[in-house]
Amino acid sequence: MTLLASSATEHRGLTMALFGLFVLTTLAITLWAGRRNRSAADFYAGGRGFTGFQNGLAISGDYMSAASFLGIAGTIALAGYDGFLYSIGFLVAWLVALLLIAEPLRNSGRFTMADVLAFRMRQRPVRTAAGVSTIVVSIFYLLAQMVGAGTLVALLLGVEGNAAKRWTVVAVGALMIIYVVIGGMKGTTWVQIVKAVLLIAGAALMTVLVLAKYHFNPSELLGAAASASGKGEAFLQPGQKYGTGTAKLDFISLGIALVLGTAGLPHILVRFYTVPTAKAARKSVLWAIGIIGVFYLMTLALGFGAAALVGSKQIKAANAAGNTAAPQLAEALGGGSGSTGGAILLAVISAVAFATILAVVAGLTLASSASFAHDLYANVIRRGKASEREEVRSAKWAAVGIGAVSIVLSLYADKLNTAALVALAFAVAASANLPTLLYSLFWKRFTTTGAVSSVYAGLVGSVLLVVFSPVVSGKATSLFPHSDFHWFPLENPGLVSIPIGFLAGWLGTLLSRERPDPAKYAELEVRSLTGLGAH
Amino acid sequence: MDSPPITTAATDVQLIDDSEEFRTLRRSFRSFAFPVTIGFVLWYLLYVLLSCYAPGLMGTKVLGHVNVALVLGLLQFATTFVIAGWYARYADRRIDPPAAAIREAHGAVVHAPREAAE
């Protein structure tokens, strides 16, 4: 920590300048986009004018978060092969979105996930449930990004004290609110696109530098990582992090949450509304799969590279959860601590990481404030009588409110690994949102009661299991390490809470006396498959 | 207000839903999407379970330091890319043309969204 920090402090100016450049560029884009925002569709869906390729890049920008970049690299660096599961789950999950969700959602919804859930149901209960779960999932995800931002700045500025960390979190929060309030979806999408390009370029540069050190022979890199880890070949095999009985179940739970979570993430779902047709939505997912897949392959090189070139001792000294492995690797690749090359590469990669965080939090804030305004305010509170202008204004206020809440919460969560925190958001999304989405689209008999029970059971189930898990109490790495009220053994609730979500939707439908409306389902079916009447 | 009826007469959409063309389209979509989803989820779960419960197999070396675990992980990437490409081709041929035909046959309504008009 001290070594890294001292060299970082000397070149702090460079990091700040690079990051300042990104902030100024994106603010200019935001202002430009903001002037072109007229209707609600501009604000929520960027006027639906993006191409499949642009949206594919923006989806990748939204998805490759601090968790992917900092968290996965850190987990692989510390736990070896077990960190790879994140990359695989995060990628395979896109097939669920591609095959079952993207196109029907684009055709049958308008601005939010709830548009699809409420299509053939009673509006107010379903929109309330979907709005609440959208906001909860987004806040979990926001927390993970903010924690990443706080950790990074502590590393870069070399400050142990909390003041600088807090001010960074506040500054990131303020910027994301500005992006969303002024730029709306159009501005936010361009920020994602710029960021995706920067992140891919940064990761590619580091990957090439890592591989070059090992004669472009991956096996040599693996060997070096294994021997530097002190664990030998076991480092390259499953079981470092998830080796014992319960931990194995945790691995399975995590794996299921990752693969089923993506297609239920509100900030990803709203991206499908930014393109004109279902075919363009499909194309954007195809592009995203390509871009994200290549990126996750690179995280392997980054993680094992950090294990080999930085070493777990140094990484743990800087951040116990491993969140700083990637920037530390950058410094090592540039020539090591104290060298100019090291400082420059560290500055570049840190600026990229900041850009990553900033873009993702903007996307999350937009999705959750859109759901607040469109679902809760316009349809539940005002019962559909709010004007478009009032709705957009309430979305902007919601962005401020949600931003403030996540800033405050993230000041308390800084010891958690960002990848693990994001995995919780995935578990909640997979439990509360995915079952309802699938039932709504494909099960004729599904009813309002089914939808509402599925969302609330999945949401409450997953959140409660997290509260009573080792993430919150009972372990040295918990949120509250000094108290112990945990009784649920797994860190990720997916294994239990996802079946609860599916079961509740099924039972709620069977047990309610409500009759589903076959005409409404016919309409949903025709619209979702053909695009007839789509917005 | 959020989902205005597709056509003016409420029965029209029921007619489309019952039509032979639409049923074929729905069958084309479901007969691809559902089994393939089940397939890749099982294949992924197999990988996760092997990682947990077959350490011997997963640790077997294939080439240098590259072991079975790594190869299976990379295969998950490969199958994801292949399935995505396969679906893109399938949708181009079996889903887009019939969907377009139905839209045109009943196309009193919008193709491209016109938000400003709302």
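**Figure 1. Charged side chains of chain A.** Chain A of this predicted model carries 39 positive and 22 negative side chains. The centres of the two sets are 7 Å apart, where each charge is placed at NZ of Lys, CZ of Arg, CG of Asp or CD of Glu. As the model is predicted, local features need pLDDT of at least 70 and side-chain atom pairs count only at pLDDT 80 or more, while totals for chains, interfaces and linings use all residues; side-chain values use heavy atoms, without hydrogens and water. Residues are numbered from 1 along each chain as its sequence is written, and chains are lettered from A and ligands numbered from 1 in the order in which they are written.

**Figure 2. The fold of chain A.** Chain A holds 22 helices and zero strands; helices (H or I, at least four residues) and strands (E, at least two) are DSSP runs, numbered from the N terminus. Its radius of gyration is 22 Å, close to the 24 Å that the globule rule gives for 535 residues, so chain A is as compact as a globular protein of that length. That radius is taken over C-alpha atoms, and the rule is 2.2 Å times the number of residues to the power 0.38. The C-alpha trace spans about 70 × 55 × 45 Å along its principal axes. Of the 535 residues, 67% are buried, a word that stands for under 20% relative accessible area, with exposed over 50% and partly exposed in between (1.4 Å probe, protein chains only). Take the contacts (heavy atoms within 4.5 Å) between residues at least 6 apart in sequence: in chain A, 82% of them join residues at least 24 apart.

**Figure 3. A look along helix H17 of chain A.** Helix H17 covers residues 388-410, and its 23 residues reach 33 Å from first C-alpha to last, close to the 33 Å expected at 1.5 Å a residue. The expected span is 1.5 Å times one less than the number of residues. Among its buried residues are A:Glu391, A:Ala395, A:Ala398, A:Ile402 and A:Ser406. An α-helix has 3.6 residues a turn, so residues three or four places apart point the same way.

**Figure 4. Helix H15 of chain A and the residue after it.** Eight of the ten residues of H15 (residues 325-334) are buried, so this helix is largely enclosed by the rest of the structure. The buried set includes A:Pro327, A:Gln328 and A:Glu331. Following the helix comes A:Gly335, with a positive phi near 135 degrees.

**Figure 5. Where A:Ser87 sits.** A:Ser87 belongs to helix H6 (residues 84-108) of chain A and is buried, at 0% relative accessibility. Beyond its neighbours within four places in sequence, A:Ser87 is in contact with A:Ile72, A:Tyr296, A:Thr299 and, from the other chain, B:Phe77.

**Figure 6. Where A:Leu434 sits.** A:Leu434 lies in helix H19 (residues 434-442) of chain A, buried at 1% relative accessibility. Setting aside neighbours within four places in sequence, its contacts are A:Val96, A:Ile101, A:Leu260, A:Ala263 and A:Ala429. From A:Leu434 to A:Ala332 there are 102 residues in sequence and 42 Å in space, C-alpha to C-alpha.

**Figure 7. Chain B.** Four helices and two strands make up the secondary structure of chain B, in the order α-α-α-β-β-α from the N terminus. Of its 118 residues, 42% are buried.

How values were computed
Lys and Arg count as positive and Asp and Glu as negative; His and the chain ends are not counted.
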